[in-house]
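Open the structure in your viewer and keep the sequence panel beside it. The tour below goes from one selection to the next.

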Amino acid sequence: MTDGGHEQTGHERVPSRQRRRFPEISSRAYEHPSDRSALVALRKLSGFDTVFKTLSGLLPERSLRLLFLSDSVRVSERQFSHLHDMLLDACYILDLEKVPPMYVNQDPQPNAMCIGLDEPIIVVTTGLVELLDEEEMRAVVGHEVGHALSGHAVYRTILLFLTTIALKVAWIPLGNLAVMAIVTALREWFRKSELSADRAGLLVGQDLRASMRGLMKIAGGNHLHEMNVDAFLEQAEEYESGGDLRDSVLKILNVLPRSHPFTTVRAAELKKWAGTRDYQRIMDGHYPRRGEDKDTKVSDSFRESAASYASDVKDSKDPLMKLVSDLAGGAGDLGGRVRRGFDGFRSPAPPKDAPGDTPTPGEA
């Protein structure tokens, strides 16, 4: 448990509220299976290794650090001291030995990120700091520390750089296709990585309601008295189960350009994980340690991911996922079900007795 009187190197100031600590916790403990499988798929993408190695040598990391040092406020004991305490607390709870530098950047848009190649940097915007209360902000800081512990910062940095590159080479057909293929794969992975980091934020804050409130505020602003967590989660239920196959396709198209999952989906995913045996085992002190990471196999991650995807498809209420599940279970009439699902894309047929409905000679 964290304790204000505990002496530890690099974490001298720890808030007094009692929280469980997770010594030597491996990021595998909280990583979403889809996060790991998407990252493996990303690494297998043709050309990714070449791009990764090239950009790792070209990205101006020193320039990035100087930029934040010169044009943002570095969090410390003397500046944004309450955020400094939260950062130390998060690193202590997740046992991240080297505390990453943290900056507050003037931007009314609520946002936070963990970037960097050799060493991660955490950046939060003034819009986020002003929006969230202490417990909500603690979950966000834990979220970013989770990114750092999982090693996500390097891929996020490359995603930011490639997004800029994609805009500049849009006029080059083949060049743009190659870059956009990697950007699309990176975005798919990053959306999944956000689910992992949300879990890390909950392990740090250890207050599910605060995590829910923070996500609600990111979606709806600082009008908490006008919002309700249960109603917010009902939106996620409606989003997942509502509509037909047309809506399923539109959901996919809507999410493709985004780097983050939709907030209602994140809230529902986090609440579901908080009710699992896996989460309770971590809270009870039973979790994978970093010392065991070297003994893990890629095949184990694939099996976990495959089992997770199979469970998600089976339990999903999304029309497309239900169709996939039924087909996997041997249900027939694929053509009929697909036609019914997409009937709304076609104009409705006119009534049989409508004018002009009777075929003239030669039309039948």
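Which residue follows H4, and what is its phi? Select Asp95: this residue comes after H4, and its phi is positive, near 60°.

Some ground rules apply to each stop. The model is predicted, so local features need pLDDT of at least 70 and side-chain atom pairs count only at pLDDT 80 or more, while totals for chains, interfaces and linings use all residues. Residues are numbered from 1 along each chain as its sequence is written, and side-chain values use heavy atoms, with hydrogens and water left out.

**Whole protein**

Show everything as a cartoon. The protein has 16 helices and four strands; these are DSSP runs numbered from the N terminus, helices being H or I with at least four residues and strands E with at least two. Of its 364 residues, 42% are buried. Here buried means under 20% relative accessible area, exposed means over 50%, and partly exposed lies in between (1.4 Å probe, protein chains only).

**Helix H4**

Select residues 81–93. How far apart are the end C-alpha atoms of helix H4? They are 18 Å apart, which agrees with the 18 Å that 13 residues should span at 1.5 Å a residue. The expected span is 1.5 Å times one less than the number of residues.

Now colour H4 by accessibility. The helix is mostly covered, with 11 of its 13 residues buried. Among them are Leu83, Met86, Tyr92 and Ile93.

Select Cys91, one of the buried residues of H4. Its relative accessible area is 1%. Over the whole structure, the search finds zero disulfides.

**Val229**

Move to helix H10, residues 229–241, where Val229 is placed. Is Val229 buried or exposed? It counts as buried, because its relative accessibility is 8%.

Show what surrounds this residue. Apart from neighbours within four places in sequence, Val229 is in contact (heavy atoms within 4.5 Å) with Arg209, Met212 and Met216. Draw a line from Val229 to Arg209: their C-alpha atoms are 8.1 Å apart, and the residues are 20 apart in sequence.

Methods. Disulfide = S-S within 2.5 Å.
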